[in-house]
Amino acid sequence: MGPRLVKIASCYFIIGVFFGMFMSITHHMEFASVHAHLNLVGWVSMALAGLIYSVFSKAGASKLAVWHFWCHNIGLPIMMIALALLVGGAGNTEPIIAVGGIITTLAVILFVINVFKHVSLPSSPVDQEKAYRAKN
Ligand code: HEM
Ligand code: HEM
């Protein structure tokens, strides 16, 4: 799941930075919360998770990583689009923001469980040798 998360995070980086440019040019600062979360939850948090999954491959290959991936990538777009519509004055989208926010929070919880279950330092060559000898 690591490389996939890093690739999608890069797309959020472009969208987030374009949003910042749009705000600066048009002086629509009311979109700051959309811009901030696109960059921080879309780019920074997702890229960090992708890097962690790439370094700790056991965590990256787990079922929890798959569930985290989908919750992050379903919840965040729902939350961001509904928030942009709310700020843009398209109507009361608050319940939809809440649904997106809850799914995104679930993604974070799954990520943390995954980290605690599967992130550990690789064993030293000596330990690996011992484990090999014990098995054979
Ligand atoms: C070309 C790139 C960027 C541009 C043009 C830009 C522009 C802006 C603008 C115009 C604001 C609103 C400031 C205000 O309300 O007075 C803002 C806020 C913010 N930006 Fe950016 N931004 C850029 C990149 C980033 C990146 C890469 C991040 C995070 C990784 C980021 C995080 C934030 C945050 C957290 C706020 C909200 C700050 C607050 O509420 O006080 N921005 N940005
Ligand atoms: C599901 C997850 C999240 C939810 C539901 C959420 C919700 C919110 C809300 C309601 C605000 C106040 C917005 C306003 O007053 O305009 C806010 C502000 C902020 N949040 Fe989050 N947040 C989440 C995750 C995060 C994460 C992971 C980060 C950082 C990595 C973050 C960084 C910020 C920042 C910098 C602000 C102030 C910027 C601004 O809105 O101008 N948030 N968040």
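## Ligand shell and overall fold

Helix H2 contributes the most to the shell around ligand 1, namely seven residues, where helices are DSSP runs of H or I with at least four residues, strands are runs of E with at least two, and both are numbered from the N terminus. This is a predicted model, in which local features need pLDDT of at least 70, side-chain atom pairs count only at pLDDT 80 or more, and totals for chains, interfaces and linings use all residues. Residues are numbered from 1 along each chain as its sequence is written, while chains are lettered from A and ligands numbered from 1 in the order in which they are written.

The shell around ligand 1 comprises 13 residues, the closest being Val-17, Gly-20, Met-29, Ala-36 and Asn-39; a residue is near a molecule if its C-beta atom, placed from the backbone, lies within 6 Å of it. At least two shell residues come from each of helix H1 (2–26) and helix H2 (32–55). The shell residues fall into the classes below.

| Class | Members of the class | Shell residues |
|---|---|---|
| Nonpolar | Ala, Val, Leu, Ile, Met, Phe, Trp, Tyr, Cys, Pro | nine residues |
| Polar | the others, Gly among them | four residues |

The protein chain as a whole holds six helices and zero strands. Its radius of gyration, taken over C-alpha atoms, is 19 Å, well over the 14 Å that the globule rule (2.2 Å times the number of residues to the power 0.38) gives for 136 residues, so the chain is more spread out than a compact globule. Along the principal axes, the C-alpha atoms of the protein chain fill a box of roughly 70 × 30 × 15 Å.
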